[in-house]
Amino acid sequence: MARLHITAEGIVQGVGFRPSVYRFAVARGLTGWVRNRPEGVELEIQGPEAGTADFLRALRTELPPPARVDHLEVLVLPEVPGERAFEILASGAGQDVRPVVPPDLATCPACAHEVATPGERRHRYPFTNCTYCGPRYTIIEGLPYDRSRTSMSGFPLCPDCAREYGDPLDRRFHAQPVACPVCGPHLRLVAVDGTLQAERDAALLGAGAVLKRGEILALKGLGGYQLLVDATSAAAVQRLRTRKRREEKPFAVLFPDLETLRVACAVEEAEAALLQSPEAPILVLRRRPGGRVAEGVAPGNPRLGAFLPYTPLHRLLLEAVGGPVVCTSGNLSDEPMAFRDDEARTRLGGLADAFLVHDRPIVRPVDDSVLRLDRDGPTFLRRARGYAPLAMPLPLEGPPILAFGAHQKATVALAFGGQVVLSQHLGDLTSVEGAELLAATVADLLAFFRVRPERLACDLHPDYASTRLAERLAAEWSVPLVRVQHHHAHGAACIAEHGLRGPVLALAWDGTGLGSDGTLWGGEALVVEGASFRRVGHLQPFPLPGGEAAVREPRRSAVGLLWAALGPDAMPEPFRAAFGDGELDLLQTMLARGLNCPQTSSLGRLFDAVAALAGVRTQRGFEGQAALALEFAAERAAPDGTYPWAFADGAVCVADPAPLLAALLRDREAGLEPGILARRFHAALADLALAWARFAGLRDVVLTGGCFQNALLTALVTERLTAAGFRIYRHRRFPPNDGSIALGQACVAAGSR
Ligand code: ZN
Ligand code: ZN
Ligand code: FE
């Protein structure tokens with residue numbers, strides 16, 4: 001006989017873990033108990049040694065996804081005489097270390113089957129879920145995770161649901177959001193003026209008809225409101241663009257099923273698996289020629305963000321439409337997504353033609369996650385549904401820390417008890433609503449995890465809404481505020497993700513972030529060691545005429561770069577055409593007088609300048625568009641040479657792009673394809689990475705910053721450095737962009753005194 005005490009950490013709550021444990025134990029004739037703890041699950045088993053050993057094996061290998069044990073601790077205990085059964089004990093409230101919060105999970109195959117099967121009591125019921133799937137983070141008000149602390153508390157279980165909930169052998173045993181047509185939430189189709197048009201299944205079918213007519217539907221989804229429109233109708237897509245004030249930024253497309261998706265996009269096996277996983281993110285895929293998706297969905301873009309229905313509601317709606325629909329966050333461009341009913345009605349009233357809503361409150365907004373799967377692994381572009389708020393272990397012990405992130409792709413991070421929780425993607429903080437969402441998310445995280453931060457961290461930039469909130473709260477709570485340089489935070493995030501120690505070279509290639517010297521950084525080689533860093537390389541700074549305006553106009557970066565690198569008179573003829581009368585003179589006057597021309601070493605701005613000078617893109621419609629256009633152009637071209645740099649090394653290796661620029665302009669003059677120019681530029685950046693890596697002389701190199709969303713650049717740099725013997729680390733579980741800044745800030749603040 002043996003008795004074991006086991007604690008399991010990982011994804012073990014709200015995913016059918018305890019029922020699995022129950023089944024494993026009963027099947028092996030073991031006695032004991034299992035219960036949820038804030039930090040995971042705790043259990044004891046007792047029985048013959050062969051049985052307990054086999055139980056442990058089952059726990060490691062037979063858990064149904066998405067349950068996952070990251071850490072298992074087993075203690076041998078003295079036998080408890082007289083124990084007769086295996087029991088599931090109630091979870092005790094009150095303890096407050098290491099709570100594990102499950103993310104929202106896409107509909108499991110068993111639930112999908114039930115919803116599709118006539119005669120089942122949940123046939124066509126849009127809120128069907130079980131222990132393996134359904135809403136979690138979007139409905140949980142507090143911990144431990146129990147129905148009474150979710151937004152399902154207002155829906156008392158009917159006898160049938162109660163029976164399933166209480167039966168350890170049922171798939172819905174202790175499924176907190178369990179519901180059925182008798183006791184659960186219901187749909188309503190509402191006109192823009194608020195009149196009720198249909199309810200329940202008729203509402204669903206009516207919404208399908210709205211979409212088929214080419215109109216815009218506002219859908220109350222899982223983590224917020226979404227705007228939907230027929231993706232095969234160019235006119236409908238254009239109407240959505242006009243109303244949403246979103247000119248060219250690509251929309252994601254929701255497909256009814258994998259077969260339909262495969263018609264529009266090329267899908268590798270691993271991609272198909274991820275699309276159908278419990279996380280069910282938006283995946284950026286290669287678009288196939290032809291297909292029914294309107295060009296205006298992602299103009300001039302060889303890729304398409306595609307995903308599959310992840311709730312029965314989306315599934316049934318897409319079935320009613322019978323084809324792909326654009327499915328985008330319910331907001332005006334740059335504002336956060338609406339998730340409260342009253343707020344959605346006001347904010348989306350002018351955008352949508354009808355609302356499909358329901359009566360299950362959304363506790364917090366959680367947007368769809370966006371990923372790309374490259375040959376060597378995933379790259380997160382936006383981390384939210386399915387992933388947030390899963391924690392990352394943090395080796396540093398210390399006081400609880402709250403980090404406020406940057407300004408775009410905002411997130412906040414909370415480090416406590418040996419782990420760090422990164423919030424879901426919150427979007428841009430430029431709007432009033434964005435800043436309010438940041439403050440609300442901070443309050444939510446602190447209340448949720450019951451943590452009082454003893455140290456705060458923010459960016460160096462004084463004007464970010466995140467910095468201002470951090471300053472206000474630091475004063476209010478009388479706690480110290482650590483200001484972390486933007487690219488230091490980028491590097492620290494990637495270092496923490498891989499648990500690296502000792503000095504590491506961070507290639508932080510980015511848009512712009514405020515540097516320690518007051519200039520705008522972004523093409524940086526930093527040696528990061530814990531809470532400190534040394535700048536060992538950077539691009540030769542160049543002026544940005546108009547400052548922030550240059551971020552929206554690649555041609556401004558080009559003028560500034562030409563001015564600095566080749567002198568005031570170097571203005572290639574074809575490039576002049578990118579300017580209207582007097583525009584160029586004005587910029588050159590600004591440069592000559594140094595008016596509103598901040599200096600930058602940003603690689604993102606170098607990308608913009610090269611895109612403009614290569615004739616790829618002079619104006620920008622959305623953030624990163626010029627760089628994307630340059631990447632796509634380079635991808636279409638074969639490898640064909642590179643461009644030279646001039647290096648000035650002293651204590652710092654400064655890379656001057658003047659020779660690169662001169663060679664690029666010669667190529668343009670010689671009439672070479674823009675794709676060849678773009679490809680050579682990418683190759684030159686791989687050369688730059690290698691030069692800086694050799695200069696720093698450290699084996700471990702992390703790639704971080706928004707530029708490493710570029711698949712080609714990342715692949716070329718990785719190849720080049722790996723071949724030279726460096727070990728390359730990339731962001732795998734968090735985005736390389738500013739979405740990880742809060743994470744990096746928390747890590748730096750944890751290590752600083
Ligand atoms: Zn299910
Ligand atoms: Zn029910
Ligand atoms: Fe950044």
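A donor, as I use the word today, is an N, O or S atom within 2.8 Å of the metal. Please keep in mind that this is a predicted model.

I'll begin with the metal site. Which protein atoms are the donors of the iron ion, ligand 3? They are NE2 of His486, NE2 of His490, two OD entries from Asp510, and an OD of Asp738. These donors lie 2.0 to 2.8 Å from the iron ion. Along the chain, the donors of ligand 3 follow the spacing H-x3-H-x19-D-x227-D. Take His486 and Asp738 from that set: the pair links distant parts of the chain, 252 residues apart. His486 belongs to helix H13, residues 486-497. Asp738 sits in the loop between strand E32, 727-730, and helix H23, 741-751. Buried or exposed, for His486 and Asp738? Both are buried.

Now the charged pairs. Side chains of opposite charge can pair when their charged atoms come close. How many salt bridges does a search of the whole structure find? The search returns 44. I'll go through three of them, then a network.

The pair to start with is Arg149 and Asp146, where the closest N and O atoms are 3.3 Å apart. Asp146 has a relative accessible area of 18%, so it counts as buried, the cut-off being under 20%. Arg149 is at 27%, so it counts as partly exposed.

Next is Glu553 with Arg556, the closest N and O atoms being 3.4 Å apart. Here Glu553 is buried at 16% relative accessible area, and Arg556 is also buried, at 16%.

The last pair is Arg555 and Glu583, whose side chains meet in a salt bridge at 3.1 Å, N to O.

Then the network. Which residues are joined by salt bridges that share partners? Glu114, Arg121, Arg122, Glu164, Arg171 and Arg172 form one network in that way.

Conventions: Residues numbered from 1 in each chain as written. Chains lettered and ligands numbered in written order. Predicted model: local features only at pLDDT ≥ 70, side-chain atom pairs only at ≥ 80, totals over all residues. Heavy atoms only, no water. Salt bridge = Lys/Arg side-chain N within 4 Å of Asp/Glu carboxyl O. Buried < 20%, exposed > 50% of the residue type's maximum accessible area, 1.4 Å probe, protein only. Donors = N, O, S within 2.8 Å, 3.2 Å for Na, K, Ca; no water. Helix = DSSP H or I, 4+ residues; strand = E, 2+ residues; numbered from the N terminus.
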